[in-house]
Each structure stands twice: as C-alpha cells, then as structure tokens.
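Open your viewer, switch to a cartoon display, and let's walk through the model one stop at a time.

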2 protein chains.
Amino acid sequence: MDMEEKKIDGEVIFDGHVVKLHLDKVKCPNGNIASREVVIHNGGAAILYVNDNDEVLLERQYRYAYNEVIYEIPAGKLEKGENPKLAAIRELEEETGLKVNDLIHLGDIYPTCGYSSEIIHIYLAENPTKTHTNFDEDEVIDVCYIKLDKVKEMILSGEIKDAKTICAINYYLLRK
Amino acid sequence: MDMEEKKIDGEVIFDGHVVKLHLDKVKCPNGNIASREVVIHNGGAAILYVNDNDEVLLERQYRYAYNEVIYEIPAGKLEKGENPKLAAIRELEEETGLKVNDLIHLGDIYPTCGYSSEIIHIYLAENPTKTHTNFDEDEVIDVCYIKLDKVKEMILSGEIKDAKTICAINYYLLRK
C-alpha cells in the first residue's frame, strides 16, 4: 500500500531556539493536495537511573506549556546534529551530579507523531559516580529518588504523566 | 520551592488547523526574563484494544513529520473543548469499525512537555461490536492485530516507537 505523501511546496513560518514551524503542501497517495503543519525539533535525550535500592531518579520541574510542576526523568534537548548519548551523559551530570562514562540505549520514541519531527533518545545509566550539578541558567530542578513500586503506582494514578518517563519505565520493566 | 514562570508578554506567531504557536516572554523564579516557544494543541484521544486472543489492535500509518510509516494504536485529535472519551469512541469506529458504548480511562500523557501543551487521553476498549470504517479524507490506515508478546518485542527492538502506544501498553501491563 502506497502511503507516502510528497512535498510539493513549503514555507518556514517560524525559526526559533527550540522549534521551527514549517507549513508544507503535500500530495497524498489518493492524489489530493493537503497542507501539513510540521514542528521541527532537534530531538532530546533522556536518562533512566534506578539505584541499588530500586529507587528511580526523578526530577520535579516546572513546565511552562502546562503551567505545572511535573515529574520526569532527567532529559535535555539536543543541538542540531549532536550525538544523543553524549548529550545524555552531559545532561545527567549537569542536572543531577551523576557521572557515567557510558549509557545503555533503551529506545528512541516519537512523542507526538501527528505534527512534530522530535525523537527522544532514552538511555539507562548504571553505576554512576557522584560529582556536582551545574544547572543551565533559568533551570529550577528538584531531584528526588522514588521507589520503583511507588513510581508504577504514580503512573497508574496519573501523578506521573510525562510520556518519556512512562516509556522509559516500560522499557526497563520489559527488559527484566 | 517556587518554580512558576509568569507570563509578562506574548504574541501569536501562527494559528493553524493543528497547532498554534505562541512566543511568550516570562519572568523566571530567579527574576530572569526568558522567552518560551509554546505549541498549543487541542490534545488527542487514543484507544488500546486487546482481543480475546491477546492480540493488540494496531494501525500502520504514514506520518509526514517523520516521512515514515509507523505502528500506533488508533487515535485522533480533539476539537477545541471536545470530550476526549467521546472523541475516542468515534475515532475507534471510524478508523477500525469497532463500536463501543464506553471506554476505560487508562491515563493522560504529556507527550513532549518542553514546548507543547498537548495532552493525549488514553483509553482501553472492551468487547467492541463490529460495524464499518469511515476514514477521514486523506487518511490511509492499515489496521492489524499483533500478539501482545510480539508487541512487547517490537517495543524493545525499536520497531514500535510511538510514545502513546508504548505508554498504553505500559498502563495495560501495570494494571494486571
């Protein structure tokens, strides 16, 4: 079945620090012409760390788009072309003061496939050493450890809503 | 800890069919002024259905932002203010020909908390009756059933990347 849509025209609506917005005209497989709003994003890297006490490293962070403080695993956005694993290693140390030399790749997720090109690369950290945090300007992050069983309850109760965090826990549980 | 950022100015960059883009100026808790690019989206509704043979209902659909055909559970976007459960019931029938009178709420996810306001509401369908599909114009969807054990493998292997699908499977497994 031919499903591909072919771009026939397009314009850049916005070119920002976090997102670009493209408005494209495409030809659908049935021959129809349609418009596609596409958010272009460089992607992100996120890190799951579960310590020897079966506690998950989580952050509480204010997210402006939701006007809410939410729980998430450590993560950061990539610069264009940046190696996601190296970015994950850097973000983990900057935000939590945990240093690793390598990470285990858990998976790459498409957070919102309907309109964004973003890919979030998810990794597992093992046996980190403790250094010190180094937050970005304007970053206010509260780091905590929560028992894995409690994290599962928080996903089911809706207290944890962040998709990359729920996906990371799923990868972790499925690998067991 | 005060984490909230207060909007002090803002402009609407784009107002489209799928997304709006706002560029806001905010005051951070530390007093700094920062800009925030926010994608405003009405949200979506997605439906997990696992039949009596332990097979998961999945769709293969072309997604323009990734230029790729991906596996996902049935889903659709909401109109502004639309009831997500009613939208989910409608989308399930339109895309798969399965009719239900009610759905079980699994959870609401924040797919990409860094720049978008989107919430995807995820439901579980039970005991649907078979009617007929009614695709939107330009929608090309290939519906299939895949064994739950195989779906778990496809998540771990990276063949399934869609975040709402991985989250839905996580809810399903955690509820057991």
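## First stop: a helix in chain B

Select residues 163-175 of chain B: this is helix α3, with 13 residues, and from its first C-alpha to its last it reaches 18 Å, close to the 18 Å expected at 1.5 Å a residue. The expected span is 1.5 Å times one less than the number of residues. Helices here are DSSP runs of H or I with at least four residues, strands are runs of E with at least two, and both are numbered from the N terminus.

Before moving on, a word about what you are looking at. This is a predicted model, in which local features need pLDDT of at least 70 and side-chain atom pairs count only at pLDDT 80 or more, while totals for chains, interfaces and linings use all residues. Residues are numbered from 1 along each chain as its sequence is written, and chains are lettered from A and ligands numbered from 1 in the order in which they are written.

Now colour the buried part of α3(B). The buried residues include B:Ala163, B:Lys164, B:Thr165, B:Ile166 and B:Cys167, and also B:Ala168, B:Ile169, B:Asn170 and B:Tyr171. Buried means that 20 or more other C-beta atoms lie within 10 Å of the residue's own; exposed means 12 or fewer, partly exposed is in between, and C-beta atoms are placed from the backbone.

## Second stop: a hairpin in chain B

Stay in chain B and select residues 55-63 and 68-72. These are strands β5 and β6, which pair in the antiparallel sense over 5 bridges. Strands count as paired if DSSP finds at least two bridges between them. For one of these bridges, show B:Glu59, whose partner in β6(B) is B:Glu72. The hairpin has 4 residues between its strands, and there B:Asn67 takes a positive phi near 50°.

Switch to chain A and zoom out. Its secondary structure comes to 3 helices and 12 strands. Along the principal axes, the C-alpha atoms fill a box of roughly 55 × 35 × 35 Å. Of the 176 residues in this chain, 43% are buried.

In chain A, select β1, β2 and β3. They form an open sheet in the order β1-β2-β3 with antiparallel pairing. Which strands are at the edges? They are β1 and β3 of chain A, each pairing on one side only. The twist averages 20° from one strand to the next; axes are lines fitted to C-alpha atoms, for helices over the stretch in contact, and angles run from 0 to 180 degrees between N-to-C directions. Between β1(A) and β2(A) there are 8 bridges; to see one pair, show A:Asp15 and its partner in β2(A), A:Lys20.

Next, select β6, β5 and β12 of chain A. This open sheet of 3 strands has the order β6-β5-β12, again with antiparallel pairing. Its edge strands are β6 and β12 (141-147), and neighbouring strands are turned by 30° against each other on average, direction ignored. β5(A) and β12(A) are joined by 7 bridges, and A:Val56 has A:Ile146 as its bridge partner in β12(A).

Most residues other than glycine have a negative phi, and most peptide bonds are trans. With that in mind, show A:Asp54, in the loop between β4 (44-49) and β5 of chain A. Its phi is positive, near 60°, and A:Asp54 counts as exposed because it has 12 C-beta neighbours inside 10 Å.

Then show A:Asn67, in the loop between β5 and β6 of chain A. Its phi is near 50°, also a positive value. Is A:Asn67 buried or exposed? A:Asn67 is exposed, with 12 other C-beta atoms within 10 Å.

## Last stop: where the chains meet

Finally, display both chains together. How many residues of chain A are in contact with chain B? The count is 60 residues of chain A with 60 residues of chain B, where contact means C-beta atoms, placed from the backbone, within 7 Å. Elements giving two or more residues to this side of chain A include β1 (6-15), β2 (20-27), β3 (33-40) and α2 (148-157). The most comes from α3(A), with 8 residues. By class, this side has 33 nonpolar, 11 polar and 16 charged residues. Nonpolar covers Ala, Val, Leu, Ile, Met, Phe, Trp, Tyr, Cys and Pro, charged covers Asp, Glu, Lys and Arg, and the others, Gly among them, are polar.

To finish, superpose chain A on chain B: a rotation of 180° with 0.0 Å of shift along its axis does it, with an RMSD of 0.0 Å. The two copies are thus related as by a two-fold rotation axis. The superposition is by least squares on the C-alpha atoms of residues with pLDDT of at least 70 in both. The same surface serves both copies, as 100% of the contact residues of chain A recur in chain B.

Note on methods:
Two residues are in contact if their C-beta atoms, placed from the backbone, lie within 7 Å.
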